[in-house]
Structures are given as C-alpha cells and as structure tokens.
Amino acid sequence: MDPIITEEAVNHNVPTPEILSQAKVISSQTLLLVSLLLAVLLAVGFFAVRKRSQSKGSSLLLVGPSGGGKTAILSTLVYKRTLRTHSSMQTNMASIALPPSTKSLRIVDVPGHPRIFDQFREYMPDAKAVAFVVDASTISRNGAVVAEHLHRVLHVLISLPPSQSPPAFAIVAHKCDALKASASATAEQLAINRVRTVLERELDKRRTSHAGGVGVESLGGEGDEGTDLGGLECTGNGEFRFAEWEGGEVSFFGTSVAVGKAVPAEDEKGKDGLAPFREWLLEL
Amino acid sequence: MLDHCSISHRGGIVLWSRSFTPAAEQTASSSSSPVNSLIRDALIEGRNAENKYEKDGYAVKWTFVNNLELIFVVAYQRILQLTYVDELLEALKALFVQLFQPFLSTFVASLHVSSTGKVAAVNTATTWDFTKIFEKWDRLFDDVLRGLENKAAQERKSRLKHTSIHPETAIDTILPSDADDVVPSDSGATTVDEEQIARNVQALKNRLKARGRPIAGGRRRLEAGSGRDSLPTSDSDTPTKQKSKKSKTKAQRKWGDEAPTESDMASLDFSYVDVPSPNTPAKVADVTALVDQSSLGIVKDGIYEVKDWEFASTSESSSSVLTQALHKGKEEKSSAGLLSNVFARLTGSKVLTQDDLKPVLEGMKQHLMKKNVAKEIADKVCEGVSESLVGKKVGSFQSTSSAFRQALSSSLTQILTPKTSTDLLLSIRTKLSSHFPSSQQREPYSITFVGVNGVGKSTNLSKVCFWLVQNGLRVLIAACDTFRSGAVEQLRVHVRNLSMLGVGPNGATDSKGRVELYEKGYGKDAAGIAKEAISFARDNDFDVVLIDTAGRMQDNEPLMRALAKLVSTNNPDKILFVGEALVGNEAVDQLKKFDRALRDFSSASGTGKERGIDGMIVTKWDTVDDKVGAALSMTYVTGQPIVFVGCGQTYTDLRQLRVSNVVQAILSD
C-alpha cells in the first residue's frame, strides 16, 4: 500500500503547489495510520509465529543404542502387548492415546544401529520428549558405547535453536526385570543407580578427553557435524553429573516389559513395568 | 532341518517366528541371534544383494516384501545343504502376503504416523491381537515346509541312487547295532540329529541290500499304478515315490511344533519301498490308495510346484482359504492390464518392478564406477538398493531414477557412517587412564600402520604423530620398515622436524623429547623391533607408539605372514590400513587380503583372538577431486571406518571424513 500512496502524493505535489500541504497532511495521516496498522499486524503475526514455534512438539522420541528395548516399549504402548522384536532397520512412528486424558502422542522409535542412529536429528524439531532407552542389564559392559550415543543426544539437545522449547529428557533404564532386587532397593532403583553411575563416569571420561584436545578438522570446511561434540557442560565443579547438567532436568526411570504378554487391563495398571514411564508421559 | 524362521517388519517387530531347536530358541531373544546379526551386519550395511549370510555356524537366507516392509528370514545349520530354502521363502512370502494383506496394511500404516490426530481412530478400530490373527498361519507353515522338505528329500534320494556306492561294511561299522529300534523320544536337538543320521544310514543300507532287485520293485509298483504310462526303468521310481510319500504326509496332518519322532519317521521313510518281503502288502495298499486320488493330474510330471502342492495337501478349511487367496492373487495379476497401469502412473501409485529399475540400475553402476568405486562394490551396492526398492510405490512427481538416487544416497550414507567410534584421542586417553592406578608402569597405546608400497604410510604416520603431539601426548615412533633403504632416515627426518615443531598446549619448553624414534637399522626382524619399542616406551613413559611397517603387496605371502606375526606378537590397540584414494578395483583385493591374512595368521598363532583391520587412512585425497569412490569401496569391504584422510604435503593436512560430503561427491554428475 505504501508505494501507491507516496506515488499519489508525488503525482499531486509536483504540478500544483497549493494542494501540496493538504496532500502532505493526508499522506502523513494515512502513513501514520497505515504504519500503526502494519505494526499491529506485524506484532500479531510475530506472536503467532513465535507461539507456533514455541509450542512444544508432539512426539516422544525413543533413542538409544541397539538392543535397548525401544521397539518393545513402542509395541507395548501402541499395541498393548509386547511383541518379540529384533534389531530395527527403519524408524517406527506410531501414535498412542494416553488413557485417562484425551491426549494422543506420536512415538518415534529410531533404530540404535550406529550407522543409522543419527536419523534422530530429523525428528528433533518435533520432539516433545526424548527418552534415552538403555539396557540396564548390560550397561556395565557397554558403558563406553552407550555413553557415546548419549553424548550425541545430549549434544543435539543442548544445541537446539532457542526458538524451540527444550523437550523433556529422560533416561530409561530398561529390562529391570533382569536385575535382582536387593534388600535395600528394588530392581528399578538398582537399575537406575547403576545406569546413572556408569553413564556419569563414562561421560566424564569423554568430557575430560575432549577438554584441551585439538581435534582434527573435518574435510570440507566448517560444520560441527560429528567432530567436536559439546553438550557436557555442568554447572558444578566440572565433573559430569546429570543433576548439574546445563541442558535441563534429566529424569530417570526403571522399566521392564515381558515379551509375549498382553498388558494387564486398565484397572490394574500398577503392575505394568512401564507404569512410571507412562506417568511421566502423562505429565508432559 | 531348519533352525529358525521368522516373519517381521523392517521396524523390528516380529510378527511370527518359530524356533525348531532349543538352542535356536535360546538365542532367538538375545542380541546374538542369527536374525539380529543378519540385520546388523548385512542388511543395514547395504549388503543385501548377497543372498546368503553366515554366522556362528548358521546360514541365513532372507527375502523382502517391500511394499509391506516385511522381511522373511530362515536360518539353518550351515553344514546342511538345504536346497529348498529359497523356494520356501518365496512360498511363505506369497502365502503370507495374500492371506494377511489387509491386516498387514493397517499394521504398517500404524507404524507410519505423521500426525497424531486421525490415528487414534485407527488404533481403536483395530484390535491388535497378533496371536489370534496369525493362529492359522502355524498350520499353513507346517504344510508348506513339510511339502518342500519331502520334495527335497525325494530329489536327494533319486540323486543319491545314481551316485553313491559305499561299501556296505563301512556303513555297518558306522551303524549302531540297535539303530533299527531307536526309542521314539521327545523333541530335542541332539535326538533329532541322531535319528536323522540313523535314518539316513538305515536308508542307505536298505538300498544297498535291495540293490539286486530294483527292477522288480519298480515293476510291482507299476502294476499297482496301472493307470499311468511310465516306463519300467529306474527313473520311473521318482514320480511313484513322490505319490506314496504324498499320501503318507496326508495322513500325518497333526505335525506340531515338536520335531519328528521315530514313529513319524518310520511312516515317512519310504526307503522301505525297496525292502522286499515284509513291507510288500502295505506298499501295494498305499499305491492303490494313491490311484484313487483326484490330484493325479497335477503330479503327473513329477514336478511339484509349491502352490499346487498346497492346493492338494492342506486340510479342508485352510485349503479353501488358500485357494481363495491364490485365485484372488492370480485374478488381480491378470486384470492388472494396461489401463490400470496407466491409471496407476497418473495417480502416482506406481509400484516399481525389477524391469523398471533395470535401466536405472545399469546407469547408476556406470556412474559409480566413473567415480572410482570398484566394480564389484558398485554392483553390490546398486543391487542392494534395487532389492529394497522393488515393490515400493513411487510418488506421482518422482521418477524412477530420482527414487533410486534417493535410496542410493541413504544407502551410501549408511555404509560410510562409522559403526565404531573413530575418536582416537578418547580411546588413547581411556587406555592410559585405565592402567594408571593399578600398576606403576602404564601400557602405551600402540598403533600399527599397514598397507601396500608407496601409499604414504610413513608420511601419514608423521601427520598422525603431529596431531598427537599437539594433544600433549608423548609419541614413540618405531621404525619397523627394515627393508626399504632410506625408510629409517625418512622417519628420522620427520622426528627431527616434529620435535622442533611440536609445540603442545603446555608450551614450548615441554616439547623436548615429545617425539622420539626407536630404530634398529635394516634387515632385522620387524616384530622384534616393535616389541622392543613398546617395552622401551613403557619404561620411558611414552603415551603412544606408532609402528611403521614396510609396504608389501597383498599377494606376497611370506611378507603377509611376517606382518601377521608382528601384529600377533605385539597386539597393537589399533591396526590402521593405509590406502590411497587413487586406487580403483584394486582396493577390494588389497583390503580383503590384508584383512584375511591378519585374521588367518593371528588366529592360527595361538592368541585365540582374530585381529583384523580396525580402521583406514585414505591418502592422496587431494589428487582425486570428486572421484572419491575408493572411500566407499574400502568401507564396504571391511565395514570399518575411515579414521583419517590425508590431503596434502604438510603435517596439518590430516582430516576427518565427512560422510555427507563424500556421498554428495559420489552422487554428483
């Protein structure tokens, strides 16, 4: 609109100087009005866009190394029964309803094979929550590998653009049923503690090895892909602790599923190995 | 015979599976199961063009249904030569898809949800009672499997008849005296095997005994089956026997999960056919029963098609389902004429076929080869991609070639993405710190550089050395190239340069003595020098030992043996293969032979553990422009990551590979 008005004004004021002042008044008034209108529109538009980008995604991302039990969790949540699974070759995306509420949630299960694991970045912008699923029964053996996976996830989480509200992050110590409960702690607590200590130790190792190291440049100019991973900064005295991680709160859950069984009916949900995880999902 | 069979979705959900032996049952749920290994090591790595995968004594075969994203996998003992597995897979595929098509479509759709809204409805509408849905599949599977097994046994038998002439005495010594009356027992791997062996031996023995009278037997059977026009030669046994076999299996419909017992076998064992006196009446009865069969026409030519067999052999309810399914399939195929094809093109739901892909496939192979990918690898990668595309639907605006290109791109990315950590610094630090508290002396981290002549082992070793020094590590270079003149001097110059250049993060004062050379002149045993170098490094508190070896051609066995000796005596933490980016088809051969030699000799030398190549360094990268196919060839052959890329003449010209760049370069025109 603006160019037309000014053009008009120009047309007017060139031949007749009398109308000049009048035209000037009109144009300045309209200009003011138009600019006001524009400002309001802009502001509304900006807020709308901002709100859209700020609104949380709608997906739950299941990530983690191969063999952690991601697909089993997905099958339990979606089909209400735990089917047998093998290593996934492609991403599964299913939607679930969360029973008490009317909310529904999309679950994205990204394969953990190191060659395709990086696909989880694609789903990050739409993530409402990210769950890192770990096999609690083998964590002591695979600590370093799991930590590498986790490191990449943390790196992506912490380097998300500010326009996106950070997704909730949880570490799920899966296959708790493989651990024996001791007198002082249940199997779930045991699993959580074990996973937490192993991962903290391994991540701290990674952090110290990267600190002060000179990386090798990656071929073809800049780009942070793969070479220098950050994301392990802590507010505390430097040692890596999940509680002090800068990227936000990290929740821990101990879960388990039994292969081949249907999930018990709604009323006895408490017995389900995924109960704490479900509650967390509801709170999102 | 089979060990494990499963039908599953690409996403990892197993729709149906069965293990035939307790051992397979046990491993089925663990991560080391044949199916898991197959997916991890073959399918995800883009090796799906090969049609057989072997692991832990299992042979695994598989087939895809791409539009429903299903994988059919059969695993069996590798020593068994099961000829019918391919047929079985095809039959299972056809039947399963036709029977469960609607359910499978909803199932696959439920795993491809893009937005949350409408899917809740789908979810509630379908009940996901997998066990109930696949209930009847169990029986169908049994029927198909049994049919094929019988057929295979038949073929083997007829083949055996012409070829095998074993002395009877030898068999008698093998045969346990009570083999004839083995107690029927429950299922179990070992018992099954024993029975199998006993049965085979018995069959052979019987046949040898009856060798004198084969013609008589054939004639007798001929008389019974008088309706047919077969000749009284030994060849005519085949169809007749198949018939008798068939009627037996019909009687045995209750075969469940358990392995066949002795009594089952006895009834299936048609080797008694040739035994004259006691079995004769039963034999005749069998054959007369056969003549009455309505399915006579189908089997006349002695060749069973799976489907045909299915028609005749399944029980009432399942056979009706089957015939229905198969007829429907045929009708659909015939009606899918030109018109529907055009329509499909217009609506963009065109399904890719092998023929559609063929021209694109050829073009892509050529393109890859132009990019310096080894021919063998180009073939395999392209075929793997086309395998995964056949049966898929393409969008309306997507041409076949662009679909192919897209699939190829993701396949290349998967192949090139490292599956193990390439973070050398981290593993060095981890090793150094893990040894520190336990003992006073810490074990240095050792890296061996191997490769053919003139690819730049020493040069890139010095680049790696520079990088390590920059990271504040003390490096000892072991000059184990005791063959080429000037090799030691070359390293000495590098060390001199590096110790002058080497300014770590701790400042220049510290840099003295950061790099040292361990040399013992020429003509000595390289393995010994490496060993001394490592112990020298341990005593003098070095962090890393870089072992430079003499270049050697992969075909030179004595030298390869010497290299393997060096590796097995010193057990370095990393073995890096240095290869030049200029190499074409040769890359495959080089890497295969180096890897093979290292593995063979290291496992033979008694350390027990096989050691192969752990990673690669691709050198002379700056000379090839975008013809970077060597990187693909190398990673495909070994499955190991490219740790560094050497791309220039100075110490800083060491880079890490970026997968996306390489993929882009390979695909660019």
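**Salt bridges and the A–B interface**

Good morning. In chain B, helix α6 (residues 137-163) holds both B:Arg146 and B:Asp143, three residues apart, about one turn of the helix; helices here are DSSP runs of H or I of at least four residues, strands are E runs of at least two, and both are numbered from the N terminus. This is a predicted model, in which local features need pLDDT of at least 70 and side-chain atom pairs count only at pLDDT 80 or more, while totals for chains, interfaces and linings use all residues. Side-chain values use heavy atoms, without hydrogens and water.

B:Arg146 and B:Asp143 form a salt bridge, with the closest N and O atoms 3.1 Å apart; the term requires a side-chain nitrogen of Lys or Arg within 4 Å of a carboxyl oxygen of Asp or Glu. Both residues are buried, that is, under 20% relative accessible area, where over 50% is exposed and in between is partly exposed (1.4 Å probe, protein chains only).

In helix α18 (residues 375-389) of chain B, B:Lys380 and B:Glu376 lie four residues apart, and their salt bridge has its closest N and O atoms at 3.5 Å. B:Lys380 is partly exposed at 22%, as is B:Glu376 at 35%.

In chain A, A:Asp126 pairs with A:Arg106 in a salt bridge at 3.1 Å. The two are 20 residues apart, A:Arg106 being in strand β3. A:Arg106 is buried at 7%, whereas A:Asp126 is partly exposed at 28%.

Over all chains there are 35 salt bridges, yet between chain A and chain B the count is zero. At that interface, 48 residues of chain A contact 60 of chain B, contact meaning heavy atoms within 4.5 Å.

Key: Residues are numbered from 1 along each chain as its sequence is written. Chains are lettered from A and ligands numbered from 1 in the order in which they are written.
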